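Please look over the sequence and the structure shown here. The report below goes through selected features one by one.

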Amino acid sequence: MLQNELFDNVMQDFNAGYWKLNEVSGIEMWSSVFYEKLGYEIGSFPETLNYFLETLIHEADKKLFRNNFLMYQRKDINFEQHIRILNSIGDYQSFRCNTNDQLPINIQSSTKLLFFMSLAVEPERTLVKSYFYYQETAEMTETGSWYVDFKKKKSFWDFQTYKMMEYPEDHEPSIKDSANYYAKECRQQAATLFFNCAVAGVPFSTEIKMLTAKGNIFWARAIGKPVYNDLGNIVGIRGVFQSIEELKKKELGLEKSIDIIESQNKRLFNFAHIVSHNLRSHTSNLSLLVQLIENIADPQEKAELIDDIKKISESLNTTIEHLNEVATIQTNKKQKRVLVYFKDTLRVIRGSISHILKSGNATVEADFSGLESVNYIPAYLESIMLNLITNAVKYKDPSRDVVIKIKTYINEGKKYMEVADNGSGIDLELFGDKIFGMYKTFHYNEDAVGIGLFITKNQIESLNGTISLTSEVGLGTTFTIAFG
Amino acid sequence: MKNMIDLACIIDDDTTYISLVKRIIETKELCNNLLVFSNGKEAFDYFSAILKNLSQDHMPEIILLDLNMPIMDGWEFLENFLTIQHKFQTPITLYVVSSSINPSDVEKAKEITLVSNYFVKPVKINELEAIFSPQTV
């Protein structure tokens, strides 16, 4: 026999209802806690398995429970099962149903007992479990939580925040110096967000750069919301920091890729333009010519027209060469940069275009004292310099000799080359957006081809540099190249 | 005797194309005189000059306009020409003849009432004949 009182006390503490099985009569005894838990009055049911199966247990749990119960009763086979039981207000309540030996505590009894433990009320276990999940989640997602208590004028961090901020666990997070937890450029942003949240109750969710105790900077998503007391006053701010360093890195990488894709897209667009316009105009001339030849009877005249085919095919060739030049810029990009001296490049150019310089009575004044050399693809530097010099001669002001001034220098750590001429100048208001486009010419010269500046710009940009210009009609043009 | 167009005008920077069209016009006797401008600005300057000093007899009946040209392209020419068009007494028929097969170019051109039609290069000889036949003018 059980010492009922003692046993019931234990069970009270344990907060579990139970059944006591009578092997002889087959009738159970249901404990008072069992009734209480379900909100029924003690003794309001015939305490039999059949009644329980028919009216109280959830349909889905019925079969398994019946089997378990009978096996336990007849063959002493212990079991543990989750079941749902109908309570007095018509809801199903979840229980864990155990036999003696499945219990975490040892209850000595010669009688067969069946325990019903409320699943909802297992405070300690649930807490331990949720803490475990919380810790796992915090670590895996790199999310630290924090709380600022305005009353206590204190700030609290969880373990993960300490870890991310690289502070020792005994560090007391400071409210006064909280700016120090953010990278310099983000301190104003943090102050504004916290102030708005503390004063006006505006929750925030932002991306911000954090500064750790060791001076490391990482990108975090900072989310915070005000905490109110019963009177509706803001008494604190609760929130999380999630490290998004990896994401941010990827995002920045993505932005860079987009820039590259954009510039390649532009080049492709120009390509499409040459193909659709310039190549087509040659082929359509060919086809027009063939029509004309077909329409002419005189053999002499026909023969003359065939000469025109030669002309067209030459133009076609030139266009394809240009196309090829544009295409190779992307491939050449992989060439190695080497140290190139400006004066060497200029010497080569002077040699190769001496006749052009002579024809324009052109002088080139170079000053490389500010920057003697640059890491570059030599062929590009030559092509860029050559192009700007020949342009200066090509578009000279007829009333004066050409003077080209080349200067290299460093400004705020960036390397520059300036090429200034005293030529006829370009009306930037009219042509400003078209200067570096393909086959754009702004002068009335016969030999204006309109490919040079396009190539120059592409070469510079493929090495991450930029080119810009200032110009005044009648005075001259100055191109400025920033080397990447 | 054929009822020929007296004066036509080509605005195009492609010298090969111009010389070919010239040959076709001569061979087929499509018009008496041909004006050639190598870009929109040259043509527009000419038309502005007519308004100022010259008699409007020097106004072409037909204009063949290219779109892609240096200095002033076909679009800019159209924009400028539309502002002075009402000052001419004689009717002017303008065709766009371009190598652009871009549908947006075709649509854009056809939306301009001044543009009678859009021909994609290579233009056919029979198309040229149709353009220059007096019935269409």
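Predicted model: local features only at pLDDT ≥ 70, side-chain atom pairs only at ≥ 80, totals over all residues.

Glu166(A) sits in the loop between helix H6 (159-165) and H7 of chain A. Its phi is positive, at about 55°, although Glu166(A) is not a glycine.

Glu142(A) is another residue other than glycine with a positive phi, in this case near 50°. The loop that holds Glu142(A) runs between helix H5 (123-141) and strand E6 (143-149) of chain A. With a relative accessible area of 37%, Glu142(A) is partly exposed.

## The cavity

The count of cavities of 30 Å³ or more comes to 1. The largest cavity holds about 30 Å³ of space. Its lining is made up of Tyr182(A), Ala190(A), Leu193(A), Phe194(A), Phe204(A), Thr206(A), Ile208(A), Ala222(A) and Phe241(A).

Which elements of chain A each supply at least two residues of this lining? They are helix H7 (187-200) and strand E8 (204-211). Sorted by class, the lining has 8 nonpolar residues, 1 polar residue and no charged residues.

## Nonpolar cores

The largest nonpolar core has 43 residues, and the members that touch the most others are Phe342(A), Tyr376(A), Met385(A), Ile389(A), Ile404(A), Ile406(A) and Met417(A). Helix H12 (residues 378-394) of chain A gives the most to this core, namely 8 residues.

Met385(A) can be followed in more detail. When neighbours within four places in sequence are left aside, the contacts of Met385(A) are Phe342(A), Thr345(A), Leu346(A), Ile349(A), Phe368(A), Ile406(A) and Met417(A).

## Cysteines

How many disulfides does the structure hold over all chains? The number is 0. For reference, a disulfide is a covalent bond that links the sulfur atoms of two cysteines.

Is Cys197(A) buried or exposed? Cys197(A) counts as buried because its relative accessibility is 0%. Cys31(B) has a relative accessibility of 9% and therefore counts as buried.

## Chain B

Chain B has 5 helices and 5 strands. Read from the N terminus on, its elements follow the order β-α-β-α-β-α-β-α-β-α. Of the 137 residues in chain B, 51% are buried. Among the contacts in chain B with a separation of 6 or more, 70% are between residues 24 or more positions apart.

The peptide bond joining Lys121(B) and Pro122(B) is cis, with an omega of about 5°. Pro122(B) belongs to the loop between strand E5 (115-120) and helix H5 (125-132) of chain B.

## A contact between the chains

Thr16(B) is part of helix H1 (residues 15-28) of chain B. Residues up to four places away in sequence not counted, Thr16(B) touches Asn285(A) and Ile312(A).

Conventions
Residues numbered from 1 in each chain as written. Chains lettered and ligands numbered in written order. Heavy atoms only, no water. Helix = DSSP H or I, 4+ residues; strand = E, 2+ residues; numbered from the N terminus. Contact = heavy atoms within 4.5 Å. 1 Å grid on protein atoms, 1.4 Å probe; cavity = no way out; pocket = protein on both sides within 12 Å on 5 of 7 lines; lining within 4 Å. Points joined across faces, edges and corners; volume = space filled by probe spheres on them. Nonpolar A, V, L, I, M, F, W, Y, C, P; charged D, E, K, R; others polar. Disulfide = S-S within 2.5 Å. Buried < 20%, exposed > 50% of the residue type's maximum accessible area, 1.4 Å probe, protein only. Core = buried A, V, L, I, M, F, W, Y, C linked by side-chain atoms within 4.5 Å.
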